[in-house]
Structures are given as structure tokens and as C-alpha cells.
Amino acid sequence: MTSAISIERLEVVFDRFRALKGVSLDVKEGESYGLVGESGSGKSTLLRAIAGLAPAASGTIAVNGKTLGRGRDKAFYRDVQMVFQDPYGSLHPRQTVDRLLQEPLAIHGIADGEKRIERALDEVGLGNGFRFRYAHQLSGGQRQRVAIARALILEPSILLLDEPTSALDASVQAEVLNLLEEVRRRRKLTFLMVSHDLAIITHMCERLMVMQNGEAVENLTASQLIGHRVEKDYTRNLLRASEGFVRG
Amino acid sequence: MSTLLDVEDLRVTFPTRTGLIEAVRGVSFSLGRERLGIVGESGSGKSQTGRAIMGLTPPQARISADKLSFDGIDLLAASPRERRALRGKRIAMILQDPKYSLDPVMSIGRQIVETLRTHEKVSKAEARERALAMLEAVQIRDPRRVFDLHPHEVSGGMGQRAMIAMMLIAGPEMMIADEPTSALDVTVQLDVLGILDRLVAERGMGLIFISHDLRLVSSFCDRVIVMYAGKVVEQLKASELSQAQHPYTRGLLNCMPRIGFERHPLPVLDRKPEWAA
């Protein structure tokens, strides 16, 4: 099986702060891969570096076998799309859902917009009634569905998911996670998903990487994590913390 | 157990352009010196319940209740002056995000001292000593250094500890914690909860813990109230959460992914209109 995303010794430096310290990663085609860690561990920076939103100081990033340079061309963004954490901040407040979904189509010069928008909204379970609403007329879960529709409308093969449900209520989170799993199965997508929640990562991903302070702590399969077969104390602490409060 | 807080048929109503919105619709409960959790999703009225008790409801909203009394004091009949004397002194509140709830242009130490000197006649030197002792009590390793720092110079976990220190310094009898750990990392979350737990137990305070996280609340509190659409749908002992009766409570418990329980797709909440009725 070929690699969808292959990263070697990636360094990202902001001023003098090393946000990523030589991280390597290999995500297979069609796989769902998770990144876990606390805030400041570099997990989001890694996603952003792939999308071209954070500067790589050294190391290489290859997507679908093609090594990326500094810039990203249009073809890259057709293939790789991102869903952000905050559905309140990632949708334009003065654009209707229709306008939001047309933007990527216009940029890439895709003609059958009408049909694609209908299909994308349908796919995320929103239907045509939502097409001419503004973001503020939608609930958090509906907004995140629009963000997912916007990512899917270009028919990418890779989705980068940055804490896609952490701003949502638990019941809405379940709906969005189910939706993501469904579109992945239907479209055979590759997921690279960031979360601070181990339970979500084990639910969604086959393999995962635990990160801390810009470094990879450990690479695990979901079943290793579920069986508590972990090597590092840091991962063990995360596991313990995810079990809730214990009076000591 | 002596009752600290008595709430009967509490209602909070907001006037809007399209009519009245009832955020809290007839909530009743009482609190002793215990840990009570209030759980619900966004919009369930859990925070407005806490704010109404604290007296922080926005002025345009209307509050009514058959009874809203704290230690025999009728909170609805109390003058603003009386409520100010209670607030911070006998009833304290911890808010969600220390980034927004601490004053950004005042050092942490000065904020704690300010709280103390508002409620007690103490000298500056003594206030400083007590603030330092309080910072130590919330397990801040170098209280002298942190005393002079501004909120932007500390981490989220440290900020929340400072917030707890500020709220506890006047020795309140009741504390309302509104999502005190939601903005923190999981591991830091447990540290902060541990500190809160110890201090509440040591001082025999009554605690109202407001959160959206049913599982976290049940591991921390003695009793849990579940709210939906402004109403209490279920009250139960935290230890008996697994035997919850109401479909909403059970749905909330079920829909979260859990390590070691494979369920694809996750069960989702099937909201029934009669829950809100």
C-alpha cells in the first residue's frame, strides 16, 4: 500500500521557538491516523505544516508520493482539504452557505457547481433548505457539517481534521463523528485527525502518534492503546487522565 | 445535613425581539455541604441557573422563584448592597476560562488581595501574606514569583489555580464552579479538580459544579442534576449514574466514545419533544 502522507524529520520554527522537533510520520492511503497530545505538543502545527499554513524549516513532506516545496499548487488543495476546530470562526459570517460552497468551486474553475452543492449538502445531512442561510442561523453542529461539505466539495482524497468536534456538545459530537466515518467509508478517504481526546482517536483511527513538546512520544495502533500496551509514562498518564477523576 | 441553598421553581426569562425566551423553567433543588453537579448541553440553562444564584443575571432578564434562599437569606428580596456583600465573601464563583475571567492588566497577587480587602479589614502586609499562603494552598510552587505575574504570563492550569485561590481567600461557604476545567488539558484538569476537591472537603463548603461532561461530573460529585431545555429531567446520586432512568441522561452517557468499547456508528440522541414539555 502506498503512502498518502509521508513526513520526514520535519522541523517548524516560529522565531526561535521550535514547535516541531524533527517529527516523522507515515500515513497509508485510505488509513485514518490520529495525533494526540496536550496543547502545545505540536499536533496542530503538524497538520498546518502539511496544509502549508506553517513554515517548514527543514525536513520533507510528501503527499501522494509528491514531495512538497514551499508553496502549494491548486492541485494540492483539490486533493487535501482541512476541517478546523471552531465552526464559529471558520465560516465567513457574511456569506450564505451557498456562497461559501461556491468559493472553492470558483477557485478551481469547476463548472457543475449547482449539482455539486446540492450533493455536498445532501451528503452531510443538511438538505437544500440550508443553502441560503448564514452561519449565524445555524447551530454549532450544522456549521461543522457545512465546513465538512466545503471540504468535500472538491472531492479530495485526504482530509486534515483539527479537533473537528471539540467545540460541540457530546450528542452533536457523536453525529459529526458518525458523519465523518460514513464519508470516509463511502469515498475511501485518508484521514489525519488531531484530538486531545484519546477516546475519540481510538474510535476514529487505526493508528496514532502521541506527541509532547513538539516531539513524537510513541507510535501505537488503536488496539495497543485500548489494551494499555503502551511503553511511555506520558501515554500512560494520558490514559489515566481520560478515565476521569479518582479521589486520592 | 443542614441546607445551605434552597431553590424552588426558579425561572429566568429573557425578553427578545421575537418574544420571551425562558432559559430556566422551574428548577428546584437544595444544596447542603456537598458536591452537586449540574449537567446539560449548551442552552440547557445550567449556567443561567448558577448565575441567577450568584446574582449575575443580565439586568434585562427577569428572575422569579418560589424560593431562592441562601442560609436563610432571601436572595430575591436582598438589596444589591446585600448581594454584593455575599458575593465573593460567602458565595464564590469560578468561571471557565482564566484567560477571560482574570483582569488582564492587574497582577495575579493584586487581584487576590483586592478580593480579600473588599470583604475583610486587613492590613496590606497581612493581605499579601494570606494571598501567598492561598497560592501555596492551590499548589503553585513558587507563590512569590506568581504573585507578581500578570494573567497572560501564566499557563491555563496556573491561571485557573489562581482563580481558585482568589475565590477561596475570603473563605466562602458555597462555591459555584461553571465549567472550571473545560479550557484545560486533560492531565491538568485532574490536578485542578484534585485541588478543588481537597479544599472543598477541608473547608466543608457546598459546591455546585456546572459542566457538560456527564462522566467527569459523576466521578467528582456526590449528586447530579441533569438539565434539558431549562428543566431538571433527572436527579440522581453520582454513584447510581449507570442506573439513570431518563432517556436523555442515558443518551448523553451513551453517545460518547469510550476507550475499549467499539461502537460504529455511535448511538445518537433521538430528542423527543416531550422531554422539554
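Axes here are lines fitted to C-alpha atoms, for helices over the stretch in contact, and angles run from 0 to 180 degrees between N-to-C directions. Helices (H or I, at least four residues) and strands (E, at least two) are DSSP runs, numbered from the N terminus. Two residues are in contact if their C-beta atoms, placed from the backbone, lie within 7 Å.

This is a predicted model, in which local features need pLDDT of at least 70 and side-chain atom pairs count only at pLDDT 80 or more, while totals for chains, interfaces and linings use all residues. Residues are numbered from 1 along each chain as its sequence is written, and chains are lettered from A and ligands numbered from 1 in the order in which they are written.

In chain A, six strands form an open sheet with mixed pairing, in the order S6-S7-S8-S3-S9-S10; two strands pair if DSSP finds at least two bridges between them. Strands S6 (80–83) and S10 (215–221) of chain A are at the edges with a single partner strand each, so one side of each has no neighbour in the sheet. From one strand to the next, the twist averages 20°. Within this sheet, S3 (residues 32–36) and S8 (residues 190–195) of chain A are parallel and joined over five bridges. A:Leu35 stands opposite A:Val194 in S8(A).

Chain B has an antiparallel pair, S10 (residues 223–228) and S11 (residues 231–237), with six bridges. B:Met227 has B:Val232 in S11(B) as its bridge partner. Two residues lie between the strands of this hairpin, where B:Ala229 takes a positive phi near 50°.

The contact between the chains takes 25 residues from chain A and 28 residues from chain B. On the side of chain B that touches chain A, H8(B) gives the most, with seven residues.

The largest nonpolar core has 156 residues, and A:Leu208, B:Ala165 and B:Met175 have the most contacts inside it. Such a core is a set of buried Ala, Val, Leu, Ile, Met, Phe, Trp, Tyr and Cys residues joined through C-beta atoms within 7 Å, where buried means that 20 or more other C-beta atoms lie within 10 Å of a residue's own. Helix H7 (residues 156–168) of chain B gives the most to this core, with eight residues. Not counting residues up to four places away in sequence, B:Ala165 touches B:Ile112, B:Met134, B:Leu135 and B:Val138.

Technical notes. A residue is buried if 20 or more other C-beta atoms lie within 10 Å of its own, exposed if 12 or fewer, and partly exposed in between; C-beta atoms are placed from the backbone.
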